[in-house]
Each structure stands twice: as structure tokens, then as C-alpha cells.
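Have the structure open and follow along.

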Amino acid sequence: MTRVAERLSAARRHHFVGRAAECALFRSTLIATEMPFLVLYVHGPGGVGKTALLREFATLAQEASAAVCYLDARNLEPAPEPFLHALRLALNLTADETPTNAWATRPGRHVFLLDTCELLAPLDGWLREVFLPELPENVLVVLASRNPPAPEWRADPGWQALMHILLLRNLSPDEGRSYLLQRGVPAGQCEGVLRFTHGHPLALSLVAEMFAQRGKVAFQPENAPDIIKALVEQFVQKVPGPAHRAALEACAQVRTLVEPLLTAMLNLPDPHELFAWLRGLSFIEAGPLGLFPHDLARESLVADLRWRHPDWYRELHRRARVFYVGRLGASGREEQQRLLFDLVFLHRHNPAVRPFFEWTESGSILPDALRPTDRPALLAMAARHEGPASAELAATWLAQQPAGCLVFRNAQQRPIGFMQMVALEQATEEQRQHDPATRAAWDYLVQHAPLRGGERATLFRFWMAEETYQAVSPVQSLIFIQAVHHYLTTPGLTYTFFPCADADFWAPVLNYADLIRAPGADFEVGGRHYGVYSHDWRAMPPAAWLTLLGEREVGIGRQPSVGEPAAGPMIVLSRPDFAAAVREALRDFVRPDLLRNNPLLRSRLVLEAVGQGGTGESADSVAVLQMLLRQAAETLQASPRAVKLYRALYHTYFQPASTQERAAELLDLPFSTYRRHLMAGIVQVTEALWAREVSG
């Protein structure tokens with residue numbers, strides 16, 4: 001008669017997908033005449049599938065006629081004697097027998113699977129220095145942990161030779177899709193599920209369970225509270241009490257959390273113990289600006305709170321908003337910029353806002369006043385993107401109202417964008433009439449909202465990034481942030497005009513911000529049309545405007561919107577996803593506006609490089625990705641046989657010819673040969689970057 005355990009094992013294996021490389025490594029090691037290593041250390045974040053992989057290893061071991069012993073550290077006390085006692089029970093040994101002698105005297109290969117090893121941190125030294133060295137060579141030990149091996153493992157030359165470290169990554173899109181289809185998830189829902197989960201195995205299994213129990217439904221995170229609850233529990237495990245839960249919920253809502261903000265959000269006089277508890281959680285990271293959760297934990301907590309307690313969700317946002325606005329007036333410009341980023345971050349889940357901001361603060365880009373040496377660079381930007389007629393007008397306003405210019409500089413202090421604000425009430429009639437933009441804005445004011453004594457009106461006459469003009473970019477996001485700063489801190493501000501070269505593109509986010517299209521203020525310069533948005537600050541003053549945006553932020557009065565997960569600290573890409581991202585990054589190399597969407601920006605490779613900027617402030621992730629791609633390609637020049645691959649890459653991506661046919665002509669190669677060199681170069685670059693991604 002079949003046992004329940006056997007049916008469970010069969011069902012689990014039926015739903016096991018992917019991990020072909022990991023299984024092949026385990027199988028080949030187990031059947032080798034001399035095993036190349038004796039400890040396989042598997043690590044990866046919670047829910048990534050470590051336990052499922054260990055179960056599959058157990059099945060493979062049994063198929064290879066190896067004896068299997070499995071222990072889960074959740075059931076163990078982290079001390080030598082209780083550990084050995086549990087192992088004796090698992091091996092059916094008597095009290096006077098030792099596991100080491102039992103394995104040594106029993107024939108054949110043995111596999112010892114030890115799961116959830118992060119709970120055995122107090123035993124780490126004993127396992128490394130006492131228990132494992134005593135084991136016979138016919139035992140293959142597999143350790144699974146959320147954490148990578150402690151530095152002592154890596155520093156020991158002996159363990160370097162006898163241990164293989166395996167980072168378990170999310171499932172690839174094909175593997176995730178295969179799993180979902182196998183579990184009966186409708187094909188039309190798979191892409192949305194994969195976008196939400198990033199191929200995270202636990203999340204995929206929970207989504208599949210929802211479809212199995214509820215039938216055909218449209219997957220949305222907020223519509224699946226049981227799934228979100230399970231995801232939250234996976235990360236949170238056990239919260240000590242309601243105050244800790246509230247602290248965790250507060251941390252998930254804001255960009256970064258510091259103690260004064262936690263005080264304001266929870267209305268507590270001293271939240272130090274709660275803050276320390278948050279800091280100790282495995283999925284909470286500590287950065288230079290405060291604490292922030294793992295991206296999947298953040299999204300799960302936010303979705304859970306919005307479903308479970310929408311009033312408390314709104315109240316947390318309100319308290320955070322009041323805290324940020326209250327500090328604006330007493331802060332320096334750099335701190336004000338951070339506070340405004342924090343304020344805008346509260347809106348990240350609204351679909352009208354999410355696509356139009358770079359949600360990672362560009363700490364290496366700061367606004368600065370105009371310097372005399374900046375003018376040639378700024379005018380070159382204006383001429384490049386808007387033409388010579390526009391550049392002449394920019395030169396005029398830079399000369400007439402230099403205080404209205406904000407220059408955005410990179411870490412080397414070079415201008416990479418600017419915003420020129422024109423105070424319409426300060427300009428003379430002759431100056432206003434000289435520029436079609438100021439003429440149209442002033443005429444609109446005279447007709448619709450004439451200024452009174454002491455009132456001010458601002459036209460954001462020029463705004464652009466050096467490379468991406470008015471496309472979504474880090475510079476554009478900072479320009480919008482500084483526009484909000486102007487709204488909130490300019491005394492007597494009555495009216496603002498915000499012109500756009502592509503007015504329709506920016507409509508969702510500007511309408512959300514209560515900037516209304518004002519066609520009567522549109523203008524043309526050099527044959528180019530600019531659409532203008534406006535706001536009457538007398539009709540909707542800053543305080544009321546913030547309240548309005550706060551209501552829109554939390555979806556009061558309508559069904560809450562659902563966005564995709566925010567850019568988090570890291571995505572563990574599968575190898576196929578990584579290779580596809582490299583190909584896309586090469587294709588978009590000269591288009592930073594497209595590169596900003598590349599998943600490599602959240603890879604370990606790029607995040608670690610950004611963290612090594614050397615100034616203490618984050619480098620531009622897009623620039624770092626471009627640097628890494630170029631460096632990987634340039635290594636090909638060291639080999640006479642590979643330099644031809646570099647040349648194909650250079651003329652296709654780094655200094656691209658107009659077409660690939662033209663690139664082949666420049667290289668004096670038949671098109672088929674050029675394509676072969678290009679494909680081989682892409683493979684070499686991908687291999688080099690992948691090696692850095694998975695090293696260590």
C-alpha cells in the first residue's frame with residue numbers, strides 16, 4: 001500500500017521545475033569516482049526554493065542508490081549535543097553510536113541534507129572545525145541557508161578546495177511560465193504574475209494555489225490577500241506584538257526610515273527599541289539615509305495593509321507627508337531635495353505617477369546656481385535639443401535672469417542638465433515680447449488671472465537633460481522635484497506655467513499634480529510646438545494642493561490603483577534573463593532613457609559597482625551599467641583573436657553605424673562574417689559580466 005509520504009513526494013516532484021544545472025551538478029558529484037567537493041553550500045533569499053531543491057536532491061540520491069539523511073534546523077537546538085542527538089534519531093542509531101562511525105562503516109555513498117542553516121549561526125564554527133572534518137569521504141553534505149557562508153569558510157584554504165558555493169536564483173521566465181501552466185494558471189495571466197513575482201518560487205506557488213482554489217480570476221496583488229499574507233509571513237515570520245507590526249508597516253510605506261520619522265508615524269515618544277528590532281530583521285537593510293525593506297517584502301507589506309486596513313494605510317501616509325513638509329523650511333537645499341524625494345515616493349503606487357520618475361534618488365546629481373563657465377554647455381544643450389533659435393532665447397534669459405537658473409551637475413561638477421525659470425513679473429514688456437513663450441504666458445495671465453501687487457508668476461522656460469532632453473531620466477526627476485520645491489517655498493507665487501515638447505506624453509503625471517493644460521499659452525519656436533500646463537496657486541494654494549495630492553496618493557474616492565513592484569535593491573536574475581538583459585543593454589547603450597528600464601540596474605553586478613563610487617554618494621546606475629558593458633567589451637582587445645569581436649561591438653553599439661550593413665562596410669567584412677563576430681562578441685561580454693554577477 002502506498003504511504004502518504006510517498007504520495008506527497010510524488011506530488012512535490014511533479015510540480016518541481018527548472019534547476020537543471022543545480023541538479024546536474026549534484027548528480028555528477030554524487031556518482032563521481034572521487035567527489036570533487038564534499039560540502040555543497042546552497043544559499044538564497046527566503047522562498048527562493050532551497051527546500052524544494054533539497055527534496056529533489058534527496059530523490060536524485062535515492063535514484064543513485066545513495067542513503068539520504070535530512071534535517072531541518074528549525075527543529076534543532078543550535079548546540080552540539082542536541083544536534084548530534086537529532087542526527088542519531090534520523091539515522092536510527094543508538095545512544096552510544098556516532099553518526100561519523102555509522103557513515104564510515106555503511107557501504108556506498110551517503111547524502112546529508114541540512115536545511116535552514118541560517119538558524120545554526122551559533123554552531124557555525126563547530127560545524128566547520130569539528131563536525132564536518134570528522135566525516136568520512138563517502139558523505140556528501142548539502143547545507144542550505146538564506147545567508148552566504150561566513151568569511152571563515154572562504155578564508156580557509158582547505159574548505160576552498162572541498163566546498164562548492166551555489167547561489168540559488170529566481171526561476172527564469174521560461175521556467176516560471178512552465179510551472180504556472182503546469183499548475184493550471186491561464187496562459188493569459190502568466191505574464192502579469194511573472195512581472196509581480198520576478199520568478200520568485202514561493203510567490204509563484206502561492207499564486208498558482210489561488211488559481212487552483214478560485215478558478216479563473218484576474219490576478220492583482222490587492223485582490224489576493226491570502227497570497228500577500230503568506231508572502232508577508234515568509235519574510236516577517238513572527239512579529240512580537242502590535243507595535244512591531246505597526247513599525248514594520250511604517251517602514252514599508254516610506255523610502256527610508258529614521259527614528260524621528262518613526263516617532264511621527266507611530267506617535268510614540270521613544271521608538272528606539274522598535275527601530276533596533278527593525279534593523280535586526282533579515283529583510284530590512286540599513287543604508288546611509290535609514291532603513292528600508294527588501295523589495296518583495298515592501299510590496300507584500302504595502303499590498304497587505306491596503307487590503308486589510310485601508311484607513312491605517314492612509315493615516316500612515318498622512319503622518320509621513322506632514323513630517324516631510326514640516327521639515328522643508330528648516331533644511332538646506334540638499335536635505336530639502338531628499339525630503340521632496342521622500343514625499344514623491346509616497347505616490348509611487350499610483351499608475352499616473354510611477355512611469356514618470358526615477359525612483360532611486362540620484363545622490364551624485366545636485367542642483368547648483370549658474371556659474372559663468374556653464375553658459376557654453378547649457379546653450380549647447382538647448383541648441384542640440386531645441387535648435388539655434390531656442391538657444392538664442394536661452395542665452396537671453398540666462399543673461400537677464402541668471403538667478404532663475406538651476407544647473408544639475410554630476411560628481412565631476414560638469415553640467416548635465418538645467419532648468420531656467422523666468423519670473424514673468426520681473427521681466428520688462430520688451431523682454432516678454434521678445435520670446436514667444438513669455439509673450440504667450442503673459443497674455444494668458446492678463447486674460448485669465450491678472451497679477452496683483454506683490455504676486456509672482458513663474459514660467460519654467462527651459463528644462464532638459466544633456467543626453468535625454470525631456471525624457472524620463474534621473475535629471476528629469478530632479479527637475480520635477482525642484483519644481484515642487486519652487487511651488488512650496490516661493491513667497492507670493494500665484495501662477496506657474498510648465499511647457500513640454502511632448503505635452504501628451506506628460507499629461508498623466510501633470511494632470512495628477514493638478515497642472516492643467518493651457519492651450520492658450522502654447523507657443524512655437526524654430527518651427528517646434530510646445531504645449532503648456534498651468535496651475536493657479538490662488539485657487540489651489542500649496543497646503544490645499546498637498547492635501548489633494550495626498551488624497552490621490554492613497555486612492556480616496558476610487559478603487560486603489562495597483563502598480564508593478566518598485567525598483568528594489570536587487571533582483572536575482574536567472575542566466576537566460578541576465579543574457580537577455582545584456583543584449584538589450586547593448587542595443588540601448590546610447591539611449592539612457594531606455595537603459596533606465598533595464599533589469600541589470602538592479603543586478604548584484606551594477607548595485608555593487610554603484611556602491612563603490614568612492615564619494616559616499618550613489619553614482620548614476622545607468623552610467624555604471626554603460627561603464628561595465630564597455631569594460632567587458634574592451635577586455636577583448638587584449639587578445640589578437642578576439643579584437644575583431646570588439647570592433648564589431650564597437651561599430652554596432654558603442655559608436656554605432658547607421659545600420660548593421662553600414663557597420664559591416666566600415667569593418668570591410670561580408671555581412672555574414674560581421675554578424676558572426678557580433679554574436680560571438682555578445683556571448684563573450686555576457687560571459688564576462690555573468691562571471692562577475694555570480695562570483696563570491
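Glutamate 429 is partly exposed, with a relative accessible area of 41%; on this scale, buried means under 20% relative accessible area, exposed means over 50%, and partly exposed is in between (1.4 Å probe, protein chains only). Its salt-bridge partner is arginine 432, with the closest N and O atoms 3.0 Å apart. A salt bridge here is a side-chain nitrogen of Lys or Arg within 4 Å of a carboxyl oxygen of Asp or Glu. Arginine 432 counts as buried, at 7% relative accessibility. Both residues sit in helix α21 (residues 429–434), 3 residues apart, about one turn of the helix. Helices (H or I, at least four residues) and strands (E, at least two) are DSSP runs, numbered from the N terminus.

A word on the ground rules: this is a predicted model, where local features need pLDDT of at least 70 and side-chain atom pairs count only at pLDDT 80 or more, while totals for chains, interfaces and linings use all residues. Residues are numbered from 1 along each chain as its sequence is written, and side-chain values use heavy atoms, leaving out hydrogens and water.

Now look at helix α16 (residues 295–308), where arginine 308 and aspartate 304 lie 4 residues apart, about one turn of the helix. They form a salt bridge too, with the closest N and O atoms 3.2 Å apart. Here arginine 308 is partly exposed at 39% relative accessibility, and aspartate 304 is buried at 6%.

What about a pair that links distant parts of the chain? Aspartate 374 and arginine 409 meet in a salt bridge at 2.5 Å, N to O. Aspartate 374 is in the loop between β8 (366–369) and α19 (375–386), and arginine 409 is in strand β9 (residues 405–409), 35 residues away. Both aspartate 374 and arginine 409 are buried. They also belong to a network of salt bridges with Asp368 and Arg371. The salt bridge count comes to 24.

Last stop: helix packing. The axes of α14 (residues 259–266) and α15 (residues 272–279) come within 10 Å and cross at roughly 115°; axes are lines fitted to C-alpha atoms, for helices over the stretch in contact, and angles run from 0 to 180 degrees between N-to-C directions. That makes α14 and α15 roughly perpendicular, a label covering 65 to 115 degrees (under 35 is roughly parallel, over 145 roughly antiparallel, the rest oblique). Glu259, Leu262 and Leu266 in α14 meet His272, Leu274, Phe275 and Leu278 in α15, with contact meaning heavy atoms within 4.5 Å.
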